[in-house]
Each structure stands twice: as structure tokens, then as C-alpha cells.
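Please keep the viewer open as you read.

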Amino acid sequence: MKLLEDRAKAWLRARALPVPAGRAASTAGEAATIARELGGRVAVKALVAAGRRGKAGGVKIAQGSEGAEAAAHAILGTEVSGQRSERVYVEAAVEIAAELYLSFGFGRLAPQAVVSRQGGVDIEAVAAKDPGAIVTADIDPLRGLRPWEAANLWDRAGVASGLIPQLATLTARLYEAFQDADALMLEANPVAVTRDGALSVVGTMIEIDDNALFRHPDWQDLGLDDAGPGGRPLNERERAVIAADRKFAGGAIRYTDLPGDIALFVSGGGAGLLQHDLVLAAGGRPANHSDLSPATVDKPAALFDAIFANPGAKGMLVGMNYLQLLPCTLIIEALLLSLTRNRVDTRRFPIVLRVFGPKEDEARALAATVPGLRYMPPGASLEEAVREIVAAVGGVRP
């Protein structure tokens, strides 16, 4: 998941790293107001998850509020690097004397730093034309990047010696920000050397590990407004599952609405796809697709909540391959929790369970406390469970 520039720079600014003052704007009028507050020249940038926006017409330098308003008007609503620009980022323009490049990512075995004395352009082009201008080094994941190690990188890159002390400090602190963000990539391009010799991170991109979002409450809404399958907007149920997946630690859940009436609470990758195809082959119509690898009750319960909130669903198959490490009771406990809080009448909403594995006897006992739950007998196949739910839902269709 990529942080757009407003969030990426807010992350750096909160760590007292040198980034230009700026804010996001949704309208040209808002851009003018921000520019007026900043004063002087400003940069107006398309807020899209893409690099090289300047080449795509997504970055404009403007003078004052009127210029910023015109620049924002020219960018908003346009496509920049294949993405529609719904917002712009307005920041104070920096008087640049030189541009450098810095990024962090991961190599085969360890984190890596890449530095170059040539920033502000495609690093790939620099690598082709002047390989000596780029220095790459692994970083010890236990020790981190220490200032004297960063200084050595910039010295090898051929940067003027007078800049190296402050560059070394900035590089070490940016690596800490990279670590703290649970980032997969952090790029600062350009790191600007201003006319008075100061450093400023003028351009930055940060890509974070989706699996670590639960540690970052301020980023829980990332991607919830992105397009869903086929380019359509995510619906409320899909957004709720994404939010729960990020909120609760451990495992993963996924949910996609489909225009059918048989809900699928399935997992196991291939086993889940097989059950989807078996429903179609048996004449049924899946109301959703799902996948999960739960660690606690919270995530599967949230997935059940989404299924029960789907008005098109008339019944549900809870179908899994033979569980090995996961107790069957966890799935049934999550089901019973969701049934209660969604007030589902299982006598009118058929549910077929094929959940075999550890603690299966206890799971069957729990399921027996709810009238109408149909727990498949031991040894029943996935196909038998599919036929059962297709027949049951066929009986409740209008």
C-alpha cells in the first residue's frame, strides 16, 4: 500500500525531518487558500500513487494564490500516470541548488540503501548513463544504518565533502522513519540542497506493508476508496472487511460481493476456488467470494458480518478443507457471535457447515445449540456440502 505524498510527508514531518510546508486540497479554491497562507512560490502536485509526475504534467510551479488556483484547476480531474487526480498537494517551493537521490528498500537478504549524487530524474536512466553515480549497500537489520555508514555511502557517491555530515544524519534518520513505518520502500527524490546549503526532502514516496497496518491507526482507511473488482467502487461490506482485516492482528480475511444468492465462507485458496466452481456447476449462484486465515475470532466474525449484511444472500456454505493447526471451534464461535449480533434466523437462512479437523467434536456441540445449522457428517466431501447448500437455497428462492 502506497502512502500519497500528503501522508508520506506528514509521517516525515512528525519526526522533525526537513520537508517543505504543505497541505492537500480537493478544489482549486482550497489550493489558492493554502498558497496564500504559505506565501510566495508554491508547487502544486497531483496526489496519485505514482512517481515521475512532473514528466506526466502532474507537477506545476505557481506564483501566489491565483497561480496555485490555476495550476490546481489544470491538474484536478485529469489523468496522471494512468490515475485520476482527485486532490492536489500544495507546498512551499524550494530554491534548489542541487538534487540528490536516496531510497530504502529490500534486497534478497537484507534492507538496502541506494544513494546518488544525481537526483530529480529517473534513477534507471542514471544507472544506464553513469553507473558510478549510484551506490547501493545492504543494511544490517539488527544494527540499523549508523551515521558514519551513511557518510561512507555519500562519499562513495562523489558528493562534496562539506555536505556529507548533514546528509549522513538525514539518511540515518530517514532509515529510522522507514523502519517505523513498516515500509517496503521509501524514496526521497529529490533530496534538495537549497541555495543556503540546507537539505529538504522535496519529493517522497513510501510503500508500506499491508500486513502491518494494524500497528498504524492513522492509516486504517488507506485504499478504502480504491476501485473494487471490474473498476467499480468498493461497497460498504467490502470496505468493512478490509477495515477489520487491518484492525485485528493475525491472519487475513478477504471478501468480494457477487450477484448471486449463495454466500461462501470458504478458505484454503484452491479449495475455496474449487467450492466456488462446484456451486456454479451445481446450478447455484455465489453471492460472494471469500478467503481467510484467521488467528482469532475477530476476523472470521467480521467476515460473517459482511455475509449476513448482503441482502442478496439467501443461505451460506461454510466450507473448508481439513483444518490442521486451526481448531474448528474458532470458526463456529465466530459464526455464533455473528449470528447473535446480526439476529439471523437460521431456520429461514440455511447454513451448511463442512468444518473438519481439531476440536471438531466440540465444534459440533456448539453448532447443535443453534436450530437449523446443518453440520455435514464426518467424511462428507466438499461437493456433497455444495449440493446440500444449493438444494437448501433453491428451496427458499421466490
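Four strands form an open sheet in the order β2-β7-β3-β4, with antiparallel pairing. Strands here are DSSP runs of E with at least two residues, helices are runs of H or I with at least four, and both are numbered from the N terminus; two strands pair if DSSP finds at least two bridges between them. Because β2 (22–25) and β4 (59–63) each have a single partner strand, they stand at the edges, and one side of each is left without a neighbour in the sheet. On average, neighbouring strands of this sheet are turned by 25 degrees against each other, direction ignored.

This is a predicted model: local features need pLDDT of at least 70, side-chain atom pairs count only at pLDDT 80 or more, and totals for chains, interfaces and linings use all residues. Residues are numbered from 1 along each chain as its sequence is written, and side-chain values use heavy atoms, with hydrogens and water left out.

Two helices join the picture, with contact meaning heavy atoms within 4.5 Å and angles running from 0 to 180 degrees between N-to-C directions of axes fitted to C-alpha atoms, for helices over the stretch in contact.

| Helix | Strands | Angle |
|---|---|---|
| α2 (residues 28–38) | lies across β2, β3 (41–46) and β7 | about 10 degrees to β7 |
| α3 (residues 64–75) | touches β3, β4 and β7 | about 155 degrees with β4 |

Zooming out, the protein has 12 helices and 19 strands. Its C-alpha trace spans about 75 × 50 × 35 Å along the principal axes.
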